[in-house]
Amino acid sequence: MNGWLAAAALLLIAGVGPSLWGAARGAPGRRVVAQNYATLLLCLVFLLLAQGYGRPAYVDLALVVSVLGPAGTLVFARLLLAGEEGEPPGTRRLTPVVAVGTAATVLPLCVVTGPGRATVKLLVIGALLLAGGVATTKAVRHG
């Protein structure tokens, strides 16, 4: 087991697991926020697994999740939060977590990957995650 796989295991256990638990229980607002955290962390896990196993195909999975995850959150926010008053718990931390988590994962992977097409793909995934995080935070805050 290398460091990339250890980081992926840590994100799965300490991040994705509790996020999925939060998405399965609680108020609708909390579920939407937890689902957004889960998709972000799952995307980062795919990137770490791609590097750890040396399988570039996992980066394609991360690309798909980085596009569909925020889109799913926007749909859930529109359907579940239409009549809700107030801001769901955890919403204020959403954008900083997305920014820090994405930068802490994508930038080291870009350094290890080196210049080329794979680095551009990583940067696109990072930009999609950041843009999706900002858009979903605004959607969840305003219902």
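# Notebook: burial, contacts and pairs

**Val 65 to start**

I looked up Val 65 and found it in helix H3. I am working with a predicted model. Val 65 counts as buried, because its relative accessibility is 17% and the cut-off for buried is under 20%. I then took the C-alpha distance from Val 65 to Ala 23 and got 17 Å. The two residues are 42 residues apart along the chain.

**The core**

Next I went to the nonpolar residues. Nonpolar side chains tend to be buried together in soluble globular proteins. How many residues does the largest nonpolar core have here? I noted 16 residues. Those with the most contacts inside this core are Cys 43, Leu 47, Val 59, Ala 62, Leu 122, Ile 125 and Leu 129. I asked which helices supply at least two residues each. They are H2 (28–53), H3, H4 (94–113) and H5 (117–142). The largest share comes from H2, with six residues.

I followed up with Leu 40, which sits in helix H2. Its relative accessible area is 5%, so I logged Leu 40 as buried. Leu 40 and Leu 129 are 89 residues apart along the chain. Their C-alpha atoms are separated by 7.1 Å. Leu 129 is itself one of the residues with the most contacts inside the core.

**Cysteines**

I searched the whole structure for disulfides and found zero. Cys 43 is in no disulfide, and the nearest cysteine sulfur, in Cys 110, is 12 Å away. A disulfide needs the two sulfur atoms within 2.5 Å.

I checked burial for both cysteines. Cys 43 has 0% relative accessibility, so it counts as buried. Cys 110 is buried too, with a relative accessible area of 11%. I recall that Cys 43 is also among the residues with the most contacts inside the largest core.

**The salt bridge**

I counted salt bridges and got one. Lys 121 forms it with Asp 60, and the closest N and O atoms are 2.4 Å apart. Which parts of the chain does the pair link? I traced Lys 121 to helix H5 and Asp 60 to helix H3. The partners are 61 residues apart, so I noted a link between distant parts of the chain.

Lys 121 is partly exposed, with a relative accessible area of 28%. Asp 60 has 35% relative accessibility and counts as partly exposed.

Tyr 53 is exposed, because its relative accessible area is 51% and exposed means over 50%. Tyr 58 is partly exposed, at 26%.

**A nonpolar surface patch**

I turned to the surface. Which residues form a nonpolar patch there? I listed Val 75, Phe 76, Leu 79 and Leu 80. Together they have about 380 Å² of accessible area. Leu 80 has 40% relative accessibility, so it counts as partly exposed.

Where is Pro 88? I found it in the loop between H3 and H4. At 8% relative accessibility, Pro 88 counts as buried.

Last, I looked at Asn 2, in the segment before helix H1 (3–24). Its relative accessibility is 30%, so Asn 2 counts as partly exposed.

Notes. Residues are numbered from 1 along each chain as its sequence is written. This is a predicted model: local features need pLDDT of at least 70, side-chain atom pairs count only at pLDDT 80 or more; totals for chains, interfaces and linings use all residues. Side-chain values use heavy atoms; hydrogens and water are left out. Buried means under 20% relative accessible area, exposed over 50%, partly exposed in between (1.4 Å probe, protein chains only). Patches are made of residues with over 30% relative accessible area and no salt bridge: like charges are joined within 9 Å, nonpolar side chains (Val, Leu, Ile, Met, Phe, Trp, Tyr) within 5 Å. Accessible areas come from the Shrake-Rupley method with a 1.4 Å probe; for residues, only the protein chains shown count as cover. A salt bridge is a side-chain nitrogen of Lys or Arg within 4 Å of a carboxyl oxygen of Asp or Glu. A nonpolar core is a set of buried Ala, Val, Leu, Ile, Met, Phe, Trp, Tyr and Cys residues joined through side-chain atoms within 4.5 Å. Helices (H or I, at least four residues) and strands (E, at least two) are DSSP runs, numbered from the N terminus.
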